[in-house]
Structures are given as C-alpha cells and as structure tokens.
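User: Hi, could you walk me through this one slowly? I'm new to reading structures.
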Amino acid sequence: MDSPFMQAFAEGLAARGLNAARFEFPYMAERRINGTKKPPNRAPVLMESWHTVIGELGTPKKLIIGGKSMGGRMA
C-alpha cells in the first residue's frame with residue numbers, strides 16, 4: 001500500500017484529477033502489526049475487503065480497481 005510504486009501511482013492519478021484510495025487486505029495489515037508472514041486470506045475475505053472499501057467511498061458511479069500482487073489478481 002505504501003511502496004514507492006503504489007505511492008507514485010496514486011500521486012499520478014491524483015495529478016490527473018482522479019481519486020485514489022489505497023488499503024491493505026487483512027493478512028497484510030496483520031503482517032504490518034506483528035511482522036509474521038502468513039498466506040493471503042481466502043478469496044471471500046479479500047472480496048469483502050474490496051466491498052467494504054468501495055462502500056466507504058460512497059459506491060462511486062465510475063470506479064477503476066487495480067492493485068499490485070494479490071490486489072492486482074483480485075481486481
């Protein structure tokens with residue numbers, strides 16, 4: 001979420017007048033807290049994460065979803 005690549009990508013979108021929301025899936029957030037490397041959550045948990053974030057954005061009429069690594073695969 002805060003890698004140089006994702007930072008540059010979000011800034012590039014913002015420079016073009018687009019909103020960018022970055023977030024972590026639960027397994028990555030847990031890794032950040034305790035430093036343990038576990039496998040990704042199962043697809044239903046990952047999809048629920050997407051839906052939660054989209055809901056927090058107010059369910060925009062136009063939405064582009066992307067990501068890096070697991071986020072890209074789930075997108």
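Analyst: A term to begin with: helices (H or I, at least four residues) and strands (E, at least two) are DSSP runs, numbered from the N terminus. This is a predicted model, in which local features need pLDDT of at least 70 and side-chain atom pairs count only at pLDDT 80 or more, while totals for chains, interfaces and linings use all residues. Residues are numbered from 1 along each chain as its sequence is written, and side-chain values use heavy atoms, with hydrogens and water left out.

User: OK, which helices each supply at least two residues of the lining of the largest pocket?
Analyst: Those are H1, H2, H3 and helix H4 (70-74), and H1 gives the largest share of that lining, with 5 residues. A pocket here, on a 1 Å grid over the protein atoms alone, is an open set of points where a 1.4 Å probe fits, with protein on both sides within 12 Å along at least five of seven lines, and lining residues have an atom within 4 Å of a point.

User: And which lining residues are the closest to its centre?
Analyst: Of the 35 residues that line the largest pocket, the closest to its centre are Met6, Ala21, Arg22, Gly66 and Gly67.

User: Switching topic, how many aromatic pairs are there?
Analyst: A search of the whole structure finds 4, where rings of Phe, Tyr and Trp (its six-membered ring) pair if their centres lie within 6.5 Å, and planes under 30 degrees apart count as stacked, over 60 as edge-to-face and the rest as tilted. In one of them, Phe23 and Trp50, the ring centres are 5.1 Å apart and the planes are at 75°, so this pair is edge-to-face.

User: Where do Phe23 and Trp50 lie?
Analyst: Phe23 lies in the loop between helix H1 (4-15) and helix H2 (26-34), whereas Trp50 lies in helix H3 (residues 43-56), so the pair ties together parts that are 27 residues apart in sequence.

User: Is Trp50 buried or exposed?
Analyst: Trp50 is buried, with a relative accessible area of 10%, since buried means under 20%, exposed over 50% and partly exposed in between (1.4 Å probe, protein chains only). Phe23, with 23%, is partly exposed.

User: What about Phe25 and Trp50?
Analyst: Their ring centres are 6.0 Å apart with the planes at 80°, so that pair is edge-to-face, and Phe23, Phe25 and Trp50 form one aromatic cluster.

User: Last one: what does Ser49 touch?
Analyst: Not counting residues up to four places away in sequence, Ser49 touches Phe23, Phe25 and Pro26, where contact means heavy atoms within 4.5 Å.
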